[in-house]
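Here's a quick briefing to get you started with this structure. Have a look at it first, then read on.

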Amino acid sequence: MTDAAAPPCNLLGLTRPELEAYVATLGARPYRARQLLKWIYRRGADQFADMTDLAKDFRAELAGVAEVRVPEIIRASASADGTRKWLLRMPGAATAEQAVETIWIPEPDRGTLCISSQIGCALDCSFCATGRQGFNRNLTAAEIIGQVWLANRELGRDPDGPRLITNVVLMGMGEPLANYRNVLAAIRLLLDDLGYDLSRRRVTLSTSGLVPQIYRLAEDCNVALAVSLHAPNDALRDELVPVNRRHPIAELLAACWHYLERQNGRSVTFEYTLLEGINDQPRQARELAGLLRGHQAKVNLIPFNPFPGTSYRRSPPEVVAQFRDELVRAGVTTTVRRTRGDDIDAACGQLRGRVLDRTVVRLGARPVRAALPA
Ligand code: SAH
Ligand code: SF4
């Protein structure tokens with residue numbers, strides 16, 4: 001029985017078993033759930049009336065009790081290099097200004113969508129604009145997968161045409177493993193062959209290193225893992241990525257190697273944002289190589305993206321090249337991330353919407369918070 005006064009159930013974000021259980025409550029067979037999945041994700045439908053192979057009375061019944069509700073776009077921008085960015089309104093955010101961002105980066109052989117998992121982030125990495133704004137709330141599974149749904153619509157994807165989103169990276173705002181349940185549901189929909197049908201190698205989860213959740217993930221799914229390392233020793237990583245104080249590097253690396261073994265993965269990518277004079281010296285590259293040598297590990301060097309109020313600076317290109325060369329000489333596969341979408345602030349660490357920052361006064365690398373004047 002359904003309660004006529006109950007708010008409509010949002011079908012977006014329900015995994016296949018959840019959708020099957022839901023249609024069962026309406027007396028429908030499981031294949032109805034499969035039809036719904038195809039309509040919602042493959043064909044990008046949000047109106048039951050359009051779902052023409054569902055029985056008419058079932059469509060009418062769904063329209064009375066359910067909906068496909070996607071996040072609302074506040075602003076869309078397009079970069080000269082083809083990168084697109086959408087700012088999404090999130091109901092329940094603390095201020096009307098609060099929003100999250102989704103970014104699409106086209107390349108000749110792929111289209112990568114960078115999605116957010118939380119509004120803000122509690123982990124407070126010292127070089128990250130999202131961390132600077134503090135934590136507001138977790139995104140729901142609908143809000144996470146809804147970013148992919150919206151991007152497909154905004155890019156004008158023809159359901160029968162080529163894919164415009166070939167890869168999804170959970171590297172936007174937030175720490176995905178701190179929103180485990182909802183992120184896992186969204187990943188299941190990304191991988192489901194009636195959902196977005198992406199191969200596990202084309203979905204990458206980036207984490208700052210929540211060790212217990214990496215072990216949990218190793219049991220639950222097998223997407224590619226990227227880990228934000230940023231420092232070759234605990235003393236420095238404690239400063240840059242404070243969660244390191246809870247889960248130091250040795251523990252984190254043990255969890256990574258476990259993940260690879262359990263998931264038969266190819267390698268873990270270690271993200272390393274180069275901060276001038278802080279973590280970009282050749283001896284630090286050698287120390288980093290010492291941690292990773294002999295393991296299936298890659299390093300992705302990220303140019304720092306400055307934001308107002310930060311005292312960090314981007315390492316000059318020759319320092320980046322030297323750091324890379326040291327790693328490569330030591331036998332570590334290393335790539336340097338190109339910056340894209342600079343003209344629309346679409347780079348890592350700049351994903352903070354129009355959220356009002358907490359005022360942060362910096363003393364070297366150690367942040368000291370001050371109250372915002374009224
Ligand atoms: N919370 C997750 C995923 C989101 S951050 C994580 O930390 O991994 C995505 C990547 O951007 C991380 O590697 C993060 O360290 C990096 N990043 C954050 N701020 C940055 C900045 N200002 N410049 C360059 N990279 C940054
Ligand atoms: Fe959070 Fe990642 Fe930013 Fe750290 S780098 S504050 S974990 S979003």
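Helices (H or I, at least four residues) and strands (E, at least two) are DSSP runs here, numbered from the N terminus.

Now some ground rules. This is a predicted model, in which local features need pLDDT of at least 70 and side-chain atom pairs count only at pLDDT 80 or more, while totals for chains, interfaces and linings use all residues. Residues are numbered from 1 along each chain as its sequence is written, chains are lettered from A and ligands numbered from 1 in the order in which they are written, and side-chain values use heavy atoms, with hydrogens and water left out.

**Around ligand 1**

- A residue is near a molecule if one of its heavy atoms lies within 4 Å of it; 21 residues are around ligand 1, and Phe127, Gly174, Ser206, Ser228 and His230 come nearest.
- Sorted by class, this shell has nine nonpolar, 10 polar and two charged residues. Ala, Val, Leu, Ile, Met, Phe, Trp, Tyr, Cys and Pro count as nonpolar, Asp, Glu, Lys and Arg as charged, and the others, Gly among them, as polar.
- A polar contact is a pair of N or O atoms within 3.5 Å; within protein, one must be able to donate a hydrogen and the other to accept it, and residues adjacent in sequence count only if both atoms are side-chain atoms.
- A nitrogen atom of ligand 1 sits 2.9 Å from a polar backbone atom of Phe127, and a nitrogen atom of the ligand is also 2.9 Å from a polar backbone atom of Gly174.
- For Thr207, a polar backbone atom is 3.5 Å from an oxygen atom of ligand 1.
- On its own, ligand 1 has 520 Å² of accessible area, and the protein covers 96% of that. Such areas come from the Shrake-Rupley method with a 1.4 Å probe; for residues, only the protein chains shown count as cover.
- Strand 10 (203-207), strand 12 (268-274) and strand 13 (297-303) are the elements that give two or more residues to the shell.

**Around ligand 2**

- Ligand 2 is surrounded by Cys121, Leu123, Asp124, Cys125, Cys128, Gly131, Gly174, Glu175 and Ser208.
- That shell splits into four nonpolar, three polar and two charged residues.

- Most residues other than glycine have a negative phi.
- His230 isn't a glycine, yet its phi is positive, about 70°. It's buried, at a relative accessible area of 5%; buried means under 20%, exposed over 50%, and partly exposed in between (1.4 Å probe, protein chains only).
- Asp197 has a positive phi too, about 55°, and isn't a glycine either.
- You'll find Asp197 in the loop between helix 6 (180-191) and strand 10, partly exposed at 34% relative accessible area.

- Glu143 belongs to helix 5 (residues 141-154) and counts as buried, at 11% relative accessibility.
- The Glu143 side chain reaches the backbone nitrogen of Thr140 at 2.8 Å.
- Asp220 is in helix 7 (residues 211-220) and is partly exposed, with a relative accessible area of 28%.
- Asp220 and Arg188 are 32 residues apart in sequence, and their C-alpha atoms are 9.8 Å apart in space.
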